[in-house]
Structure formats: C-alpha cells, structure tokens
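Here is the note on the structure that you asked me to look over. The points are numbered, and the cut-offs are given where a term first comes up.

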Amino acid sequence: MEILKLDNITLSASFQDRDGAIKAAGRILVENGYVAPEYVDCMLQREAVISTYVGNNVAVPHGISGSEGFIKESGISVVVVPEGIQYSEHDVAKLIIGIAGRDGQHMDILGQIAMICSEQENVDEILQAKSAQEILEIFQKELV
C-alpha cells in the first residue's frame with residue numbers, strides 16, 4: 001500500500017478546534033485502511049502529552065507510544081486548513097499531516113516530511129495547491 005495517495009488528501013478543510021483537525025487526519029487513515037479506529041484516540045492522547053506542531057504552520061499528529069498495535073500499514077494523511085486552526089497557545093497550523101508508521105518506519109516518514117516542510121516555500125506551495133494531485137506530486141518528490 002502506498003504511504004500517500006490521492007484519497008489521503010483533503011483540501012480546504014475547516015475545524016472548530018485542534019482536536020477536530022486531528023480527528024479528521026486520523027479518520028482519513030482509518031478510512032483508507034492504514035490504522036484501526038483506536039489509533040485516532042492515541043493521536044489525541046499524544047497531543048495531550050506534547051504538541052505535534054513543528055513550525056511553518058505545520059502540525060504532524062501521530063499516536064502515542066504503545067499505539068503501534070493499531071497500525072495496519074504505514075501511511076500519512078494531508079489536511080489543508082486555509083484559514084488555519086489555533087493548534088497550541090502561540091501556533092496556528094494550516095497543514096495537518098497525520099502519520100502512522102509501522103515496523104519502525106515512523107521516524108523515517110517523519111524525517112521525509114521534515115525535509116519537505118522545513119522549507120516555507122514548500123509549505124506555501126502545498127497550501128496554494130488547487131488539487132490533491134498537485135500536493136501528491138510535491139510529496140512524491142521526497143517520500144519513498
């Protein structure tokens with residue numbers, strides 16, 4: 001199974017709060033067969049421990065330690081929130097990237113996402129994309 005496919009990408013989302021954004025990113029992973037529904041709760045638990053906001057208007061929610069049993073396949077979800085969401089006290093996220101890494105792939109996937117999102121111009125390109133295909137192509141340059 002591909003880590004990222006068109007069905008994993010949502011454009012122009014809007015949420016009342018951070019938890020809604022995390023649930024949406026998790027729901028994509030559930031609906032596309034990457035994780036069991038319980039993994040979404042693990043993503044929320046992780047956020048309660050420490051923020052997954054990484055800078056450049058990007059958050060990378062993922063499960064808490066011990067949630068690996070709920071991961072069926074490695075995958076990511078991409079949710080674009082043009083208006084942004086207050087993600088933590090001082091941070092607004094416009095790009096939510098949910099991660100599920102199986103068999104120790106979590107850090108590899110996170111590293112690849114960091115390569116893309118550490119450059120503000122890449123984040124801006126993703127946020128301005130007019131289609132899921134455009135976003136997929138940006139990520140395919142880096143994702144293995």
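1. Asp 103 counts as exposed because its relative accessibility is 70%, where exposed means over 50% relative accessible area, buried means under 20%, and partly exposed lies in between (1.4 Å probe, protein chains only). Asp 103 is placed in the loop between strand S5 (91-100) and helix H3 (106-117), helices being DSSP runs of H or I with at least four residues and strands DSSP runs of E with at least two, numbered from the N terminus. The phi of Asp 103 is positive, at about 55°, although the residue is not a glycine. Most residues other than glycine have a negative phi.

2. Before going further, please keep in mind that this is a predicted model, in which local features need pLDDT of at least 70, side-chain atom pairs count only at pLDDT 80 or more, and totals for chains, interfaces and linings use all residues. Residues are numbered from 1 along each chain as its sequence is written, and side-chain values use heavy atoms, with hydrogens and water left out.

3. How many salt bridges does a search of the whole structure find? The search finds two, a salt bridge being a side-chain nitrogen of Lys or Arg within 4 Å of a carboxyl oxygen of Asp or Glu. In one of them Asp 103 pairs with Arg 102, and the closest N and O atoms are 4.0 Å apart; Arg 102 is partly exposed, with a relative accessible area of 33%. Arg 18 forms a salt bridge with Asp 19, with 3.5 Å between the closest N and O atoms. Arg 18 counts as partly exposed at 25% relative accessibility, and Asp 19 counts as partly exposed at 30%. Side chains of opposite charge can pair when their charged atoms come close.

4. A positive phi is also found at Asn 57, where the angle is about 65° although the residue is not a glycine. Asn 57 belongs to the loop between S2 and strand S3 (58-59), and the residue is partly exposed because its relative accessible area is 22%.

5. Which residues form the negative surface patch? The patch consists of Glu 119, Glu 121, Asp 124, Glu 125, Glu 134 and Glu 137. Patches are made of residues with over 30% relative accessible area and no salt bridge, like charges being joined within 9 Å and nonpolar side chains (Val, Leu, Ile, Met, Phe, Trp, Tyr) within 5 Å. Helix H4 (120-128) and helix H5 (132-140) each supply at least two residues of the negative patch, and H4 gives the most, with three residues. Glu 137 sits in helix H5 and counts as partly exposed, its relative accessibility being 42%.

6. Two polar contacts deserve a look, a polar contact being a pair of N or O atoms within 3.5 Å; within protein, one must be able to donate a hydrogen and the other to accept it, and residues adjacent in sequence count only if both atoms are side-chain atoms. The side chains of Thr 52 and Glu 47 are joined by a polar contact of 2.6 Å. Thr 52 is in the loop between helix H2 (38-49) and strand S2 (53-55), and Thr 52 is buried because its relative accessible area is 4%. In the other case, a polar atom of the side chain of Asn 32 lies 2.9 Å from the backbone oxygen of Ile 28. Asn 32 is in the loop between helix H1 (18-31) and H2, and at 14% relative accessibility Asn 32 counts as buried.

7. The remaining remarks set sequence separation beside distance in space. Gly 98 lies in strand S5 and is buried, with a relative accessible area of 0%; Gly 98 and Val 78 are 20 residues apart in sequence, while their C-alpha atoms are 6.6 Å apart. Glu 83, in strand S4 (residues 75-88), is exposed, with a relative accessible area of 74%, and the C-alpha atoms of Glu 83 and Lys 94, 11 residues apart along the chain, are separated by 6.8 Å. Ala 24 lies in helix H1 and counts as buried at 10% relative accessibility, and Ala 24 and Glu 125 are 101 residues apart in sequence and 22 Å apart in space, C-alpha to C-alpha.

Key:
Accessible areas come from the Shrake-Rupley method with a 1.4 Å probe; for residues, only the protein chains shown count as cover. Lys and Arg count as positive and Asp and Glu as negative; His and the chain ends are not counted. The place of a charge is taken as NZ of Lys, CZ of Arg, CG of Asp or CD of Glu.
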